[in-house]
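Reader: Could we go through this structure together? I would like to begin with a loop and then turn to the overall fold.

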Amino acid sequence: MRGADRRIALGLYRAGPTRPVLERALEVGVTAVDTAYNYGRYQGHRALVEAAGDLLGRFEVSTKVGYFPGGHNLAPARLRAAVAEAGDVLGRAPDTVFVHNPEHDPDALPAACEALAACQADGLCRAWGVATWNPLPLLHAAVLVTVRPDVLMVRAGLAVPGPVLDAAEQLAIKMAAGEVWGMAPFAGNPSDPVWSGLDTGVFLEPGQEPVASAQARLAVAFAIPAVSRIAVGTTHPDHLAELAAATSVEVSTDTVHAYRQLLRDQAGGRGKEAAHASHNG
């Protein structure tokens, strides 16, 4: 996968927006931010407006609806109200709105998708999609969805279990998603000691200039699974610039295929062991 296919978005889940980071984002070509109705204790949209100020119009904004002060709720009327509220706070319709973690209520997925498709038709958002941390529970419900999402957002990177990667790809096919975006490429902690023992460089095409380990991990995440955009969070402007450069790092398709097959082989082996233990029990 080549850099022309890839973009990053400034993710605001763990790190709230700040003016210096937003300014640096624009300087290095990052023109998308990803937030959610429930981020920042349900003040994420307002915090983005306050931090960005006059810069907000230069960003593409994606957000998610599904979590509310009373808990997770995919009732169509509640989703529509949240989308409308997001637009009111942002001062414009969000570019993309996602159904947030529908795996908590898979049976509600078809109606939730129809609700967001209606929001799009009524001008409350420009595009809509589904954001899921674990797509496995959604596979059975996906066949009942009659509207086509513009985007599917899933976990990406070397920390994602093989079955979850396979399910994400299956879900994208079942729902005929227009694009697939990624999130959480560092599993929430880029400084976790587990990364220090991993040679991510083996996934990169040879002959390139050396890159930082975080850049290599992010570049690989664009290929596991194949996604066109990844939301990454940071509070450091220079770190964001480093991550933005990862979009030009080329990844070995052959190595990625071998890695994915290894994950499937390991999952198959564990399944056989479990079945054997159950039979002998």
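Reader: Where is D199 found?

Author: D199 lies in the loop between α8 (193-196) and α9 (213-221); helices (H or I, at least four residues) and strands (E, at least two) are DSSP runs, numbered from the N terminus. The model is predicted: local features need pLDDT of at least 70, side-chain atom pairs count only at pLDDT 80 or more, and totals for chains, interfaces and linings use all residues. Residues are numbered from 1 along each chain as its sequence is written, and side-chain values use heavy atoms, with hydrogens and water left out.

Reader: Is D199 buried or exposed?

Author: D199 is exposed, at a relative accessible area of 53%. Buried means under 20% relative accessible area, exposed over 50%, and partly exposed in between (1.4 Å probe, protein chains only). The C-alpha atoms of D199 and S213 are separated by 8.4 Å, with the two residues 14 apart along the chain.

Reader: Turning to the sheet, which strands form the barrel?

Author: The closed barrel has eight strands in the order β1-β2-β3-β6-β7-β8-β9-β10, with parallel pairing. Two strands pair if DSSP finds at least two bridges between them. On average, neighbouring strands of this sheet are turned by 30° against each other, direction ignored.

Reader: How many bridges link β2 and β3?

Author: Three bridges join strand β2 (residues 32-34) to strand β3 (residues 60-65), in the parallel sense. D34 stands opposite S62 in β3.

Reader: And what does the largest nonpolar core hold?

Author: It has 65 residues, and I8, L22, L48, V65, L116, L218 and I230 have the most contacts inside it. Helix α5 (residues 109-121) gives the largest share, six residues. Such a core is a set of buried Ala, Val, Leu, Ile, Met, Phe, Trp, Tyr and Cys residues joined through side-chain atoms within 4.5 Å.

Reader: Which residues does L218 touch?

Author: Leaving aside residues up to four places away in sequence, L218 touches I8, P185, F186, I230, V232, L243 and A246; contact means heavy atoms within 4.5 Å. A second, separate core of 16 residues includes V164, L165, L204 and Y259.

Reader: One last topic: how many disulfides are there?

Author: The structure holds zero disulfides, a disulfide being a pair of cysteine sulfur atoms within 2.5 Å. For C113, the nearest cysteine sulfur is that of C119, 12 Å away.

Terms used
Axes are lines fitted to C-alpha atoms, for helices over the stretch in contact, and angles run from 0 to 180 degrees between N-to-C directions.
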